[in-house]
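Visitor: Could you take me through this one slowly? I am still learning how to read a structure.

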Amino acid sequence: MNAQHLGGSAVQGAQIDLCERLKRQNETILAQNTALAMKQSEMRRLVEDLKARKAPAETPDTTALEAENARLSDALAQRAHELGVLTRKLEEARAEDPRTMAELRAELEELRGYTAGLEYTHLTVLTSTSWRLTRALRGLVRRLKGQPRPAPFAPRFLDYNG
């Protein structure tokens with residue numbers, strides 16, 4: 001494992017976040033499309049009811065309803081277009097990295113194991129006799145260079161009580 005591999009995992013995480021965000025937007029637009037279609041259907045029914053009453057063709061009521069129906073039709077068409085665009089983006093994002101969540105989780109576990117190995121190696125060095133014997137020398141060199149004392153090492157993946 002190297003830094004490039006870890007960076008790739010971050011990119012994959014961003015791609016997963018993008019897929020999830022696109023999926024939520026897709027669901028929202030689908031719900032809005034359904035609501036608009038229902039409203040459009042209701043408007044059509046009202047127009048038909050008014051026409052069935054043998055009202056004159058150009059009464060203010062039917063004209064307003066037909067205008068509203070046209071507006072809803074346009075809005076529905078626009079939402080359908082947005083839905084198509086989001087669906088394409090979602091498919092493109094899925095195509096970029098076809099790996100499944102199981103593969104990504106396995107890779108995450110592999111990286112955690114690698115990190116634990118690095119922590120173990122680091123702790124081995126910190127607890128070695130030579131590291132302890134050279135502590136005063138390292139402190140003197142650090143003070144001469146004007147460097148601050150480093151924070152103590154705290155392992156995140158190993159259970160170390162040493």
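Visitor: Leaving aside its neighbours within four places in sequence, which residues is Asn26 in contact with?

Guide: Asn26 is in contact with Leu83, Leu86, Thr87 and Leu90 once those neighbours are set aside, where contact means heavy atoms within 4.5 Å. Before going on, please keep in mind that this is a predicted model, in which local features need pLDDT of at least 70 and side-chain atom pairs count only at pLDDT 80 or more, while totals for chains, interfaces and linings use all residues. Residues are numbered from 1 along each chain as its sequence is written, and side-chain values use heavy atoms, with hydrogens and water left out.

Visitor: Okay, and is Asn26 buried or exposed?

Guide: Asn26 counts as buried because its relative accessible area is 13%, and the rule is that buried means under 20%, exposed over 50% and partly exposed in between, using a 1.4 Å probe and protein chains only. Asn26 lies in helix 1, which covers residues 3-52; helices here are DSSP runs of H or I with at least four residues, strands are runs of E with at least two, and both are numbered from the N terminus.

Visitor: What about Glu27, how accessible is that?

Guide: Glu27 is also found in helix 1, but Glu27 is partly exposed, with a relative accessible area of 48%.

Visitor: New topic: how much space lies in the largest pocket?

Guide: The largest pocket holds about 730 Å³. Of the 21 residues that line it, the closest to its centre are Leu126, Trp131, Arg135, Arg138 and Arg149. On a 1 Å grid over the protein atoms alone, a pocket is an open set of points where a 1.4 Å probe fits, with protein on both sides within 12 Å along at least five of seven lines, and lining residues have an atom within 4 Å of a point.

Visitor: Which element gives the largest share of that lining?

Guide: Helix 5 does, with 6 residues. Helix 5 is hardly covered, since the count of buried residues among its 11 residues is 1, and it is followed by Gly146, whose phi is positive, near 75°.

Visitor: Where does the charged end of Arg138 sit?

Guide: It sits over the ring of Trp131, 3.6 Å from the ring centre; the rule asks for NZ of Lys or CZ of Arg within 6 Å of the ring centre and within 35 degrees of the ring normal.

Conventions:
Points joined across faces, edges and corners; volume = space filled by probe spheres on them.
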